[in-house]
Amino acid sequence: MAHRGRLNVLSNVVRKPNESIFNEFSGIEPSDEGTGDVKYHLGMNYDRPTPSGKHVHLSLAANPAHLEAVDPVVLGKTRALQHYANDEKEHHRSMALLLHGDAAFAAQGVVYETMGFHDLPNYTTGGTVHLIVNNQIGFTTDPRFARSTPYCSDVAKVVNAPIFHVNGDDVEAVNFVCQLAAEWRQTFKKDVVVDIARAKAINEGQGIDWPTAEGLALGSLLLEGKHVRLSGQDVERGTFSQRHAVLHDQVNETQYVPLNDLRPYQAKFSVCNSSLSEFGVLGFEYGYSLVNPNSLVLWEAQFGDFINNAQCIIDQFIASGETKWLQRTGLVVLLPHGYDGQGPEHSSGRLERFLQLCNDHPYVYPPPEKMARQHQDCNVQIINVTTPANYFHVLRRQIHRDFRKPLIAFTSKSLLRHPMARSSLAEMTGDTTFMRYIPDPHPETLASPEKITRHILCSGQVYYALLRAREQNKMDHVAISRLEQICPFPYDLLSQHIDKYPNAELIWAQEEPLNGGAWTYVAPRIRTLMNHSKRHEGKTAKPATRLPSASPATGNKKQHIQEEHDLLSQALIGQIIEPKKVVSGVPVWE
Ligand SMILES: Cc1ncc(C[n+]2csc(CCOP(=O)(O)OP(=O)(O)O)c2C)c(N)n1
């Protein structure tokens with residue numbers, strides 16, 4: 001089912017006790033089993049008495065944040081229940097009820113695939129009742145930009161299902177239509193759709209200034225005559241209310257796009273909220289990017305976690321299109337990523353999967369001529385930057401060179417508002433360029449290089465957590481350096497730097513579990529690099545990560561914080577030590 005209304009369904013329909021819902025919200029003790037999920041994804045079973053005195057068994061399926069992904073699962077479960085109850089012919093003992101959002105129903109391909117089961121002898125469940133909770137908006141995206149059909153329910157026409165449009169504010173009408181739909185299903189054993197339309201309800205948030213760097217990058221390219229196209233779900237405002245690329249006059253509905261009002265001679269900035277699709281829209285933008293190498297085409301996922309809906313476009317086109325078909329693209333894929341305690345589907349863009357697709361050799365230290373061609377020879381570039389200036393430069397770099405490569409940019413959500421993640425204008429002007437690797441600036445507060453005992457390498461937002469903990473704990477023997485570009489691996493810059501700390505153990509720290517993140521990619525490359533160095537030959541780096549896990553992140557806030565402290569302790573001290581206290585979110589061990 002859709003996200004909105006799920007707690008209501010849990011509480012009022014399947015009667016989950018409110019105490020336990022509130023309990024899960026408070027994020028108190030992690031459960032003994034599993035890593036957990038956010039409360040609104042959990043399922044529930046309930047034998048509910050009906051007015052006639054009978055009982056109906058209700059089973060609310062657990063679902064991921066990936067909208068509509070659960071649809072075929074619910075149908076499969078229903079068919080199995082029918083099978084074991086000897087009800088595969090009549091289909092009158094159990095049925096599926098799917099609750100949809102209007103934008104998701106209209107745009108996720110799996111809805112069509114699920115409807116396709118409706119009359120297949122071995123897959124039918126004797127009709128599904130589809131309820132569309134139609135608030136006439138998909139997060140911030142207006143229906144005009146979310147679908148091409150008059151009604152969000154039109155896909156159901158492919159199976160000739162009756163569709164009832166009912167005013168959601170007229171409760172009696174909704175009740176009547178729902179009863180009618182249930183009778184239809186029981187009588188004809190066919191799908192039926194109820195589109196419960198309500199007045200538009202808009203979710204709004206607040207804006208901040210990280211995207212200034214993005215605005216400057218895109219704006220400067222526009223002034224250089226390069227067309228820029230940015231597409232994805234809610235990209236106009238930005239998922240995190242950070243971008244505000246399109247301003248709306250609420251009175252007369254006119255729109256103003258500041259980046260299209262720079263200079264008369266500028267190129268056009270096309271920014272567009274997409275339909276609620278990943279597979280389709282990413283494929284579209286990939287195709288778009290093939291036509292004009294002098295335009296910058298960017299696709300942004302709502303959260304990086306939803307990218308797996310478009311896996312085929314990544315594997316078959318982005319990662320391998322050039323080597324198979326000599327089809328070159330400079331497409332930028334922006335994947336919001338980072339462990340902020342938002343649960344298993346709002347934390348990870350699955351960096352490890354992208355890194356696994358990279359074609360550079362893990363065991364061979366590139367000779368100078370190979371090193372010079374690293375970017376030309378790679379199939380994808382993968383970055384996880386920590387400063388607005390670097391984000392600015394890497395976007396511009398896409399266009400300011402004479403070859404094209406896909407760029408997969410893992411972007412931090414928490415750094416959008418992080419006071420330490422700021423750049424000065426001077427870092428974006430003059431001779432400044434993208435920094436693939438940022439060595440520890442080695443402030444005076446640190447011990448001399450020979451006395452450094454731990455040299456931590458990391459990528460992305462975890463840098464600031466490490467930095468704050470190092471400062472708070474006055475650890476002067478720890479250096480922290482950042483891999484801003486993970487692939488192609490910056491062997492040249494790292495090998496110049498790691499010997500600066502001849503007595504330091506090398507640590508790789510990441511927020512992700514041991515079986516995720518960059519570790520499996522960087523580990524053999526760091527070994528290759530160390531073997532190539534003068535002071536670290538034969539040594540290996542140690543990982544400081546979350547424990548290996550089946551799910552990318554825990555759904556329990558307390559567990560999340562505990563894991564974060566463990567990881568920092570592991571990275572900075574070398575073992576897990578319980579902090580004595582926590583000061584402004586930073587663990588203090590002594
Ligand atoms: C596959 C997938 N892509 C993106 C998202 C992010 N997302 C969460 S809610 C939402 C908007 C949903 O709109 P709609 O389907 O109309 O349901 P509503 O939230 O309005 O009830 C989006 C895009 C998601 N959860 N799943």
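Buried means under 20% relative accessible area, exposed means over 50%, and partly exposed is in between (1.4 Å probe, protein chains only). His 91 sits in the loop between helix H3 (71-84) and strand S3 (96-101). Helices (H or I, at least four residues) and strands (E, at least two) are DSSP runs, numbered from the N terminus. Phi of His 91 is near 55°, a positive value in a residue other than glycine.

A word on the source. This is a predicted model, where local features need pLDDT of at least 70, side-chain atom pairs count only at pLDDT 80 or more, and totals for chains, interfaces and linings use all residues. Residues are numbered from 1 along each chain as its sequence is written, and side-chain values use heavy atoms, with hydrogens and water left out.

How confident is the predictor? pLDDT is its confidence in each residue, from 0 to 100. The protein averages a pLDDT of 94, and 98% of the residues score at least 70. Over residues 202-206, though, the pLDDT is below 50.

Buried means under 20% relative accessible area, exposed means over 50%, and partly exposed is in between (1.4 Å probe, protein chains only). His 91 sits in the loop between helix H3 (71-84) and strand S3 (96-101). Helices (H or I, at least four residues) and strands (E, at least two) are DSSP runs, numbered from the N terminus. Phi of His 91 is near 55°, a positive value in a residue other than glycine.

A word on the source. This is a predicted model, where local features need pLDDT of at least 70, side-chain atom pairs count only at pLDDT 80 or more, and totals for chains, interfaces and linings use all residues. Residues are numbered from 1 along each chain as its sequence is written, and side-chain values use heavy atoms, with hydrogens and water left out.

Next, confidence. pLDDT is the predictor's confidence in each residue, from 0 to 100. The protein averages a pLDDT of 94, and 98% of the residues score at least 70. Over residues 202-206, the pLDDT is below 50. Where pLDDT is low, the predicted coordinates should not be read in detail.

Back to phi. Leu 326 also has a phi near 55°, positive in a residue other than glycine. Leu 326 lies in the loop between helix H11 (321-325) and strand S12 (332-336). Is Leu 326 buried or exposed? Leu 326 is exposed, with a relative accessible area of 59%. Then look at Pro 488. The peptide bond from Cys 487 to Pro 488 is cis, with omega near -5°. Pro 488 is in the loop between strand S18 (485-487) and helix H17 (491-498). Most residues other than glycine have a negative phi, and most peptide bonds are trans.

Now the domains. The assignment gives domain 1 (6-197), domain 2 (211-414) and domain 3 (441-588). Such bounds come from an automatic or database domain assignment. The C-alpha centres of domain 1 and domain 2 lie 34 Å apart. Their contact takes 20 residues from domain 1 and 20 residues from domain 2. Contact means heavy atoms within 4.5 Å. The area buried between these two domains is about 1500 Å², and carbon and sulfur atoms give 54% of that. Buried area is the accessible area (1.4 Å probe) that two parts lose on being put together, summed over both. His 66, Gln 108 and Phe 139 supply 35% of the area that domain 1 buries against domain 2, more than any other three residues.

On to the inside. A nonpolar core is a set of buried Ala, Val, Leu, Ile, Met, Phe, Trp, Tyr and Cys residues joined through side-chain atoms within 4.5 Å. Which residues touch the most other members of the largest core? Of its 60 residues, they are Phe 269, Leu 298, Ile 456, Leu 466 and Leu 572. Helix H16 (residues 462-472) gives this core its largest share, 7 residues. Domain 2 (211-414) and domain 3 (441-588) each supply at least three residues. A second, separate core has 44 residues, among them Trp 299 and Tyr 365.

Last, cysteines. How many disulfides does a search of the whole structure find? It finds 0 disulfides. A disulfide here is a pair of cysteine sulfur atoms within 2.5 Å. For Cys 152, the nearest cysteine sulfur, that of Cys 178, is 14 Å away. Cys 152 counts as buried, at 2% relative accessibility.
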